[in-house]
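This report describes one protein chain for a reader who has not seen it before. Please look over the sequence and the structure before reading on.

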Amino acid sequence: MTSEQQLTAIKGAKVLMVGAGGIGCELLKTLALSGFQDIHIIDMDTIEVSNLNRQFLFRKSHVGQSKAKVARDAVLRFRPHISITPYHANVKDPDFKVDFFKQFNVVLNGLDNLDARRHVNRLCLAADVPLIESGTTGFLGQVTVHIKGKTECYECQPKPVPKTYPVCTITSTPSKFIHCIVWAKDLLFAKLFGDKNQDNDLNVRSTDATSSSEHAEDVFERKKGEGIGLYGRRIYDHVFGYNIEVALSNEETWKNRNRPRPIYSRDVLPFKLIQQNGNVDKNLMADAPSPVSAMASLGLKSPQDIWNLKENSRIFFESLKLFLVKREKEIGNLTFDKDDQLAVEFVTAAANVRASSFGILLHSLFEAKGIAGNIVHAVATTNAIIAGLIVIEAVKVLQNDANSYRMTYCLEHPSKKMLLMPVEPFEPNKSCYVCSEMPLLLEVNTHHSKLRDIVEKIVKAKLGMSCPLVMHGSALLYEVGDDLDKDMVANYAANLDKVLSGLPSPVTGGTILTVEDLHQELSCNINIKHREEFDKEKEPNGMVLSGWTQSPAKEKDDNASINNGASASNASSHAFSLEVKEDSETAIVPVATGSVPTGKKRKMFDISEDSVPDLSSVPDEVRSKNKLEEIDDDDGDDVVLLDDGCSDGVKKKRLR
């Protein structure tokens, strides 16, 4: 039962919600029903059909409309006297600076990506406003409280990062179905239907001088007057037949691997059947009421079925045909979309044919869509539970009840008959460069790397700064902003293309760079250490940043176990990344196989696939009986179990 003191705190609070998706819908409803009177919502997304199964404030008629605005209208129908202010915008827009955040008593996050979470964390620190973070993955969830100077900030501990796959693995030595999906989506689909000028590793050319001239040109370019069936067969034979033969020609690569099998269209489907494939006329009707679908054309109904090689090949040819005839105007500008039925069919079929070649287990369209769209299937009940926990912690924060703050983890299976595991927050990490101003160390070849490399690959990509300023002492090397004159813009642009040691104020070993983000009001120092050489496979950026809170990489990764010593690709330094697309970040929670002593609370750390958890604060008798379970963010890849160990040896103190 709510006390008078709590009601007073609730009614007088001004709350900012960031995100109006799965968690956001539940959170807005719970805030309104709990008595909050002044709520502001920021969300840049519009409503999609796939949202409707769990984001209950939305209906089919709302598809395409602003989530924030529709959510406001839906809640005002049953709570008409409260104030809800929606912003259909990106929280990283310059309108939402520190001064904007200062007007709120608490900020509640329901975001779906690491970059935005980090941005909000920094703004809350700069504005000295409490932040309550949240995340769900299926049945798992978590709510964490972040108070400046009192608890860890969001970036004090490592976070899961998008998985990356070396291009040599993707193009030459796939060993998992996810590798085939990435190949079909990011290489083949992009090559056939996306920007024709983009770099792509599919045009494998043999080093054998006797190679036919057919493969010395771009086989993906459709010849004048060439029929669709003939063109499709040529593409199929090139990527599933010829390219595999080229890869097989390097005997060294296959000494310790299973050799793939080249697949040619003549071995799977007669050319006449390829030409007659599907009911094209039905799909080409201008007034066809349903979306174009290769499955419908071929009479395949269930997305749960696993197609055989012949069926996958027919889907491949049919979907290619439908793209070329029905959606010809879109070719050249298409990118993969998980809600594009024809695109999902093409990628599924192509990935399965490639999987057949490499002896990898085939998957259904439903499974392939989940992997290709990076989907973690959501559970509405988990979102509702997490939203309720957010509001509970928000009320504590509004009452400054620091002794009652809890970070709560929602478990899939009970531990000591508990599905909700509350733990005490920890004090700020003294090694955190965001809230503790700990300097970073950057190893870089100052004679080869350019300032652009530092800005793009380190300051923006790793440190998450959107409007960076880079200084060496009093010398300003780089800045962005609307108030810069043309000469300054030209000067900073010229600096970007200069090597570090060749800048007006040279950056060499021992130099200390200061980087700032004016929007986030964040500043940190980077100590530069000159290093001559880097491992192109393990350190593709030619730089190594130490002291920030991304999870460390394992010694043995996918590339180490299936590394291609002589890839047909000439771009082995590149990698493909896969990021979860859901309402919230992957939730990492402990699975306690033993018992936790009564009265003892321990923290369940956020960890990534490649990190080792710090359990130094957990009693020995507990540590020996506990494991940490990570739910893999590919929704179909391996589940990784990590035994206990120590990460960086830094002991963490509970908040007192």
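In this predicted model, Lys321 and Glu318 are both buried. The two form a salt bridge, with their closest N and O atoms 3.9 Å apart. They are separated by about one helical turn, because they stand three residues apart in helix 13 (residues 309–326).

The structure holds 20 salt bridges. Three of them are listed here.

| Salt bridge | Closest N and O atoms |
|---|---|
| Lys321 and Glu318 | 3.9 Å |
| Arg72 and Asp73 | 2.9 Å |
| Arg531 and Glu443 | 3.2 Å |

Arg531 lies in the loop between strand 14 (522–530) and strand 15 (543–546), and Glu443 lies in strand 10 (residues 440–444), so this pair ties together parts that are 88 residues apart in sequence. Arg531 is partly exposed, with a relative accessible area of 22%, whereas Glu443 counts as buried at 16%. Salt bridges with shared partners also join Glu48, Lys338 and Asp339 into one network. In the pair of Arg72 and Asp73, Arg72 is partly exposed at 26% relative accessibility, and Asp73 is partly exposed at 38%.

Asn352 belongs to helix 14 (residues 341–357). Its relative accessible area is 0%, so Asn352 is buried. The side chain of Asn352 makes a polar contact of 3.2 Å with the side chain of Asn312. Apart from neighbours within four places in sequence, Asn352 is in contact with Phe177, Asn312, Leu362 and His363.

Helix 2 (residues 22–34) has 13 residues, which at 1.5 Å a residue should span 18 Å; its end C-alpha atoms are 19 Å apart, which agrees. Ten of the 13 residues are buried, so helix 2 is largely enclosed by the rest of the structure. Among the buried residues are Cys25, Glu26 and Thr30. Gly35 follows helix 2 and has a positive phi, near 105°.

On the surface, Ile385, Leu419 and Leu420 form a nonpolar patch with about 220 Å² of accessible area together. Leu420 sits in strand 9 (residues 418–423) and is partly exposed, with a relative accessible area of 34%.

Some totals describe the whole chain. The chain contains 20 helices and 19 strands, and 53% of its 656 residues are buried. Of the contacts with a separation of 6 or more, 70% are between residues 24 or more positions apart. The chain exposes about 29,600 Å², of which carbon and sulfur atoms supply 49%.

How values were computed:
Residues are numbered from 1 along each chain as its sequence is written. This is a predicted model: local features need pLDDT of at least 70, side-chain atom pairs count only at pLDDT 80 or more; totals for chains, interfaces and linings use all residues. Side-chain values use heavy atoms; hydrogens and water are left out. Patches are made of residues with over 30% relative accessible area and no salt bridge: like charges are joined within 9 Å, nonpolar side chains (Val, Leu, Ile, Met, Phe, Trp, Tyr) within 5 Å. Accessible areas come from the Shrake-Rupley method with a 1.4 Å probe; for residues, only the protein chains shown count as cover. A salt bridge is a side-chain nitrogen of Lys or Arg within 4 Å of a carboxyl oxygen of Asp or Glu. Helices (H or I, at least four residues) and strands (E, at least two) are DSSP runs, numbered from the N terminus. Buried means under 20% relative accessible area, exposed over 50%, partly exposed in between (1.4 Å probe, protein chains only). A polar contact is a pair of N or O atoms within 3.5 Å; within protein, one must be able to donate a hydrogen and the other to accept it, and residues adjacent in sequence count only if both atoms are side-chain atoms. Contact means heavy atoms within 4.5 Å. The expected span of a helix is 1.5 Å times one less than its number of residues.
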